[in-house]
Amino acid sequence: MRPAKATAAAAVTTVTAVLGTTALAVAAGRYASDAALKAPAGRPLPTEPRLTVHATAAGQISLTRALASLRPGRYGLGGNGCHAVVGPVLDAAPHEADTVVRRLERVTHGTLEPGARVWLTPQVHIGDPHSALGIDHADVDIPGELGPLPAWFVPGTRDTWVIAVHGLGTTREHPMVVMDFLHHQQLPVLSLGYRGDLGAPRSPDGLGHLGETEWRDLDAAIRYAVRHGARDVVLHGWSTGASMALHAAARSGLRDRVSGLVLDSPVLDWETTLRALATARRTPGPLLPLAVRAAQGRTGLRGGRLAEAADPRALRVPTLILHGPGDAVAPWALSRQLAGKRPDLVTLHTVPDAPHGAMWNADPAGYEEALRRFLTPLM
């Protein structure tokens, strides 16, 4: 081969290799960003380990020994085709060194066979408020910008409504953990399904936007509540639902009707959350910036709008944050900083040993007492 042709061939090979490497990096970034942008509702986040069922007995279940299975509190236990509710660890129950025995409160769906792979979930209840809690409710459709949004409405005698918004990896069944408590406070509750949820319209790009566009569905719910008799509303959001609440409180045309915010495990920095979820998918560290860039390119996400909504100077209403240092998805330190900068408006209720979105589960009584104290002046 002549020198000129050899040089050209080498250049083509180099360009091909570079393009191949670039395409591979782009694909890897897209895959890593899917952990947040395509988090399926009702399925565990990648931070949640799978556990094996070793045995069941009357009121007991034996699980793989892990930090997750040792968590205090009350959780749903999800699996393929099954769901159960488990209570505290039973230290006195006989068990092998590599297992943990928890109280098995009930099996709500399917069966739990030895060898089944399961995970702890903050979703304790499945079904609807009537079938799960015995609470009367109405199935309503809320007019949203993309189409009708399904919601459950639980009536109450007060004219302050609570609008509950679930977050990553959960469904509108999740807020039922506090629905019985709110019902006893005679507060009307609207539990919202938003874009991407079962029965709700999809986002035009088929992706989640970590609250940055989804908040407009919460805005539609505020409008629905006011139109149907709410004097004002308290927005109670978990995870990205908390981000939606912050956006709505800052940007809604009816933000003057928002009298309080309850933020459980709030996502206050979407890049940090995306990196955490991508890392849990075993994405190598050098590829994490690609995941962020892929998310920006696919969705138009930028950090500015969330930063503005979560700016301590932008808060106008009393805010309760329920969060803890055990959250591996949304850093607790950011909640602590926000509370520290606005002690006049923000109350931080710290919950130790709780994973993302499961602050109620780790300490139901403490959570509900903090909620009672916060809501009483707003009723």
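Which residues in α3 are buried?

Modeller: The model is a predicted one, in which local features require pLDDT of at least 70 and side-chain atom pairs count only at pLDDT 80 or more, while totals for chains, interfaces and linings use all residues. Residues are numbered from 1 along each chain as its sequence is written, and side-chain values use heavy atoms, with hydrogens and water left out.

The buried residues in α3 are M176, V177, V178, M179, F181 and L182. Here buried means under 20% relative accessible area, exposed means over 50%, and partly exposed lies in between, with a 1.4 Å probe and protein chains only. Helices (H or I, at least four residues) and strands (E, at least two) are DSSP runs numbered from the N terminus. The helix α3 spans residues 176-184, and after it comes Q186, with a positive phi near 65°.

A nonpolar core is a set of buried Ala, Val, Leu, Ile, Met, Phe, Trp, Tyr and Cys residues joined through side-chain atoms within 4.5 Å. The largest such core has 45 residues, of which L77, L112, L182 and L371 touch the most other members. α3 gives the most to this core, namely six residues. Another core, of 43 residues, lies apart from it and includes L149, A225, L338 and V346. In soluble globular proteins, nonpolar side chains tend to be buried together.

Right-handed means that, with the strands pointing away from the viewer, the path from the first strand over the helix to the second runs clockwise. β9 (residues 160-165) is largely enclosed by the rest of the structure, because six of its six residues are buried. Two strands pair if DSSP finds at least two bridges between them. β9 runs parallel to β10 (residues 189-192), joined by four bridges, and the partner of V165 there is L192. β9 also pairs with β11 (residues 232-238), in the parallel sense over six bridges, with W161 opposite V233.

The pairing continues beyond β11. V233 also stands opposite V258 in β12, and six bridges join β11 to β12 in parallel. The chain passes from β11 through α5 to β12 in a right-handed β-α-β crossover. Seven of the seven residues of β12 (residues 258-264) are buried, so this strand is largely enclosed by the rest of the structure. β12 in turn pairs with β13 (residues 319-323) in the parallel sense over four bridges, where D264 stands opposite L322.

In the loop between β11 and α5 lies S239, whose phi is positive, near 60°, although the residue is not glycine. Most residues other than glycine have a negative phi. S239 is buried, with a relative accessible area of 2%.

α5 (residues 240-251) contributes three residues to the lining of the largest cavity, the largest share. A cavity is a set of points on a 1 Å grid over the protein atoms alone where a 1.4 Å probe fits but cannot get out, and lining residues have an atom within 4 Å of a point. Points are joined across faces, edges and corners, and the volume is the space filled by probe spheres set on them. The whole structure contains one cavity of 30 Å³ or more; the volume of the largest is about 80 Å³. Its lining consists of L246, A249, A250, L261, A309, A314, L315, R316 and V317.

Contact means heavy atoms within 4.5 Å; residues up to four places away in sequence aside, L77 touches residues including I61, L112, V118 and W119. In β3 (residues 75-79), five of the five residues are buried. This strand pairs with β4 (residues 82-89) in the antiparallel sense over five bridges, and four bridges join β3 to β6 (residues 117-121), also antiparallel. Y75 stands opposite V86 in β4, while W119 in β6 is the bridge partner of G78.

How values were computed
On a 1 Å grid over the protein atoms alone, a cavity is a set of points where a 1.4 Å probe fits but cannot get out, and a pocket is an open set with protein on both sides within 12 Å along at least five of seven lines; lining residues have an atom within 4 Å of a point.
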